[in-house]
Each structure stands twice: as C-alpha cells, then as structure tokens.
Amino acid sequence: MGNAIKALSTATKIVVIGYSFPITDYYVKSMFQIGLKSNIGLGKITIVNPSLDPDKRDGKEREDYLSRMRVIFNDHLFDSGVVTLISMNTRDALQGSNNAPMIVTPGNHSLFQILNPQAHNRPSPFSYAEA
C-alpha cells in the first residue's frame, strides 16, 4: 500500500477504468484518500465506469456510485473540475467506440488517444479479442 500511496500523492493525472469502488473495499478507499490528501500537483482524475450510465442503471444505483466517488475523492476535487466521470465500459474505453457519445471526437479517437494527445497518430497499446 505504501508504494500506491506514494504514487497517488505525486500523480498529476490519474485514470481509473472499470473499477466500481465497491462500498466494502475500505483498502482502496483509504489508499486513495491518504494518497490524494497531500497531492498538490494533481491536475486530473478521470473515472470510467458503466455504473454512471443512467440508461443502464437505476437512479438509486447511480446516485450511490456518485456518493461513493464524492466520499473517496472529496467535494473540492469534484467542484474544482479535477474529477471527470465518464460512463463507458472498459472495452469501449480502451478501444474507442461509436457507442461512447461522451468522448467521441471528430476522429473517433480512443480514450487512450484523448488522454495522451502526444500519441495522436499512434495506435492504442490496448487490444481486445472476442472469445
């Protein structure tokens, strides 16, 4: 846990894809809270999770998820725009998808390319194969 806390305390950009931060995972909750508490250079936290999709989740489930995020990442990070929540499944987030209207760009770039603009012409390092 020490290395993770150290990494979180010095990170400038954090991306979490496909982790729902279950209410019972006190370890991860504590790790993020402790690590981010002393981080003064953090510019962006992007959380990608299908639990945010109002069409696929009931209102209570979505609100519970948002409440957990505000507890873990605190209101200041949300209100200052540091935290961005994107409703998308892991596969689409890593590969890019036309089913992802929140982040589709004119070139239909993947989330990897959006978060790493210097990789504009490089393909995503992630791949997905149907089983």
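The protein chain contains five helices and three strands, where helices (H or I, at least four residues) and strands (E, at least two) are DSSP runs numbered from the N terminus. The model is a predicted one, in which local features need pLDDT of at least 70 and side-chain atom pairs count only at pLDDT 80 or more, while totals for chains, interfaces and linings use all residues. Residues are numbered from 1 along each chain as its sequence is written, and side-chain values use heavy atoms, with hydrogens and water left out.

Read from the N terminus, the elements of the protein chain follow the order α-β-α-β-α-β-α-α. Of its 131 residues, 34% count as buried; buried means under 20% relative accessible area, exposed means over 50%, and partly exposed lies in between (1.4 Å probe, protein chains only). The accessible surface of the protein chain comes to about 8100 Å², and carbon and sulfur atoms hold 54% of this area. Such areas come from the Shrake-Rupley method with a 1.4 Å probe, and for residues only the protein chains shown count as cover. A contact is defined by heavy atoms within 4.5 Å. Among the contacts in the protein chain with a separation of 6 or more, 63% are between residues 24 or more positions apart.

In soluble globular proteins, nonpolar side chains tend to be buried together. A nonpolar core is here a set of buried Ala, Val, Leu, Ile, Met, Phe, Trp, Tyr and Cys residues joined through side-chain atoms within 4.5 Å. The largest nonpolar core has 23 residues, of which Phe21, Phe32, Ile45, Ile47 and Phe73 touch the most other members. At least two residues of this core are supplied by each of helix H1 (2-10), strand E1 (13-17), H2, strand E2 (44-48), helix H3 (59-79) and strand E3 (83-86). The greatest contribution to this core is that of H3, with six residues.

Phe21 lies in the loop between E1 and H2. Its relative accessibility is 2%, so Phe21 counts as buried. When residues up to four places away in sequence are not counted, Phe21 touches Val16, Val28, Phe32, Ile47, Tyr65, Arg68, Met69, Ile72 and Phe73. The backbone of Phe21 has a positive phi of about 50°, although the residue is not a glycine. Asn74, also not a glycine, has a positive phi of about 65°. Asn74 is found in helix H3 and is partly exposed, with a relative accessible area of 37%.

A nonpolar patch on the surface is formed by Met1, Tyr27 and Ile34, which together have about 300 Å² of accessible area. Patches are made of residues with over 30% relative accessible area and no salt bridge, with like charges joined within 9 Å and nonpolar side chains (Val, Leu, Ile, Met, Phe, Trp, Tyr) within 5 Å.

Four salt bridges are found in a search of the whole structure, a salt bridge being a side-chain nitrogen of Lys or Arg within 4 Å of a carboxyl oxygen of Asp or Glu. One of them joins Asp64 to Lys60, with the closest N and O atoms 3.2 Å apart. Both residues lie in helix H3, four residues apart, about one turn of the helix. An α-helix has 3.6 residues a turn, so residues three or four places apart point the same way. Asp64 is partly exposed at 33% relative accessible area, and Lys60 is exposed at 59%.

Arg70, Asp75 and Asp79 are linked in a network of salt bridges. The closest N and O atoms are 2.8 Å apart between Arg70 and Asp75, and the N to O distance between Asp79 and Arg70 is 3.5 Å. Arg70 is partly exposed, with a relative accessible area of 34%, as is Asp75, with 43%. Asp79 counts as exposed, at 60% relative accessibility.
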